[in-house]
Amino acid sequence: MKPKLNILKNELTFKSSTDHLHEVRNFVEINGNKVGLSDKTIAHISLAVDEACTNIIKHAYNNLLDKKIKVKIETSNSQFIVIITDNGKHFDPNKIPEPNIEKNQKMKKGGGLGMFLMKKLMDEVHYNSKVNGNELILIKNYN
Amino acid sequence: MADFNVSSRVDGDVNLIDVKGYLDAHTAPELENEFNKLIEKKQFKVVVNFSELNYISSAGLGVFMAYVETMREQSGDIKFSNLKDDVYSIFDLLGFPVLYEFYKEEKDAIKKFG
């Protein structure tokens, strides 16, 4: 049975399973459409949020499936802001080095691309360490 | 559940993998399985046809990074064809076009294995 999602108007709380990534992307899409963002901008923000949540599941929660992730969206007439919070171990994605794809593939390793993509797709990425977890703020400017 | 499907076909000694739908951290293991099956069968020449893939995240891109060297060590490769513009743009952002061959049409990718 599927766990029930808690969806408020601009806030989505879900369990830390990759099974929910598509619902998170849909949530971003609905909110992006509400403020009239282009399909391309929405696609970029959705991917950045997917990458952020994937990182949290893998690194902050070590793939434990029953932890909580909260995604909150705040919009103004010039910025689309996504605030992602978790209660996992401290994990600062800014500390992940920029990936060397050629070297990684020689070593047959596939990871380490998420943060790099997030930074490429968004205008600002901020990390705050919290007492009980992490807060990541993704900002896209528009208009 | 995200909508994703992977299947494979054969054209001569080239293996064609069709990916459909949404390739993210949840569905990437299905693509890994497909590559593992090919390696077990000692099949190293691969064309991935993206014509019906709508979305890819870094978890999907990572699968190709993890497997391409194995294929190349055995005189094979992973080549890509029929990508939608949105999907190609993500490969492009990460610099994949320098390290992989991309083709508009599957048949052109197959020919390159000639």
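Predicted model: local features only at pLDDT ≥ 70, side-chain atom pairs only at ≥ 80, totals over all residues.
## Fold of chain B

From the N terminus on, the elements of chain B run in the order β-β-α-β-α-β-α-α-β-α. The C-alpha trace of chain B spans about 35 × 25 × 20 Å along its principal axes, and the radius of gyration of this chain is 13 Å, which agrees with the value near 13 Å that a compact globule of 114 residues would have. Of those 114 residues, buried ones make up 44%; among the contacts in chain B with a separation of 6 or more, 69% are accounted for by residues 24 or more positions apart.

## The sheet of chain B

The five strands of chain B form an open sheet with mixed pairing, in the order 1-2-3-4-5. Strand 1 (4-11) and strand 5 (102-103) of chain B are the edge strands, each of which pairs on one side only. Strand 5 of chain B runs parallel to strand 4 (residues 77-81) of chain B, to which two bridges join it, and within strand 5 of chain B it is Tyr103(B) that stands opposite Ser81(B).

Helix 5 (residues 106-113) of chain B packs on this sheet, where it touches strand 1, strand 2 (14-23), strand 3 (45-56), strand 4 and strand 5 of chain B. The direction of helix 5 of chain B makes about 155° with that of strand 3 of chain B.

## Fold of chain A

Chain A comes to four helices and six strands, which follow the pattern β-β-α-α-β-β-α-α-β-β when read along the sequence. The radius of gyration of chain A is 15 Å, close to the 15 Å that the globule rule gives for 143 residues, so chain A is as compact as a globular protein of that length. Its C-alpha atoms fill a box of roughly 45 × 35 × 30 Å, taken along the principal axes. In chain A, 41% of the 143 residues count as buried, and of the contacts between residues at least 6 apart in sequence, 62% join residues at least 24 apart.

## Where the chains meet

Between the two chains, 22 residues of chain B are in contact with 22 residues of chain A. On the side of chain B that touches chain A, helix 2 (58-73) and helix 3 (85-93) of chain B each supply at least two residues, and helix 2 of chain B gives the most, with ten residues. By residue class, this side of chain B divides into 13 nonpolar, six polar and three charged residues.

## Core and buried helix

The largest nonpolar core has 69 residues, and those with the most contacts inside it are Val24(A), Ala48(A), Val49(A), Ala52(A), Cys53(A) and Leu23(B). Helix 2 (residues 39-60) of chain A contributes the largest share of this core, eleven residues. Leaving aside residues up to four places away in sequence, Val49(A) touches Val24(A), Val28(A), Val71(A), Val82(A), Ile84(A) and Leu138(A).

Helix 4 (residues 114-121) of chain A is largely enclosed by the rest of the structure, because six of its eight residues are buried. The buried residues of this helix are Gly114(A), Met115(A), Phe116(A), Leu117(A), Met118(A) and Leu121(A). What covers them includes elements from both chains: helix 2, strand 5 (124-130) and strand 6 (133-141) of chain A, together with helix 2 and helix 3 of chain B.

Technical notes
Residues numbered from 1 in each chain as written. Chains lettered and ligands numbered in written order. Pairing = 2+ DSSP bridges. Contact = placed C-beta atoms within 7 Å. Axes fitted to C-alpha atoms, helices over the stretch in contact; angles between N-to-C directions. Nonpolar A, V, L, I, M, F, W, Y, C, P; charged D, E, K, R; others polar. Core = buried A, V, L, I, M, F, W, Y, C linked by C-beta atoms within 7 Å. Buried ≥ 20, exposed ≤ 12 C-beta atoms within 10 Å, placed from the backbone. Rg over C-alpha atoms; globule rule 2.2 N^0.38 Å.
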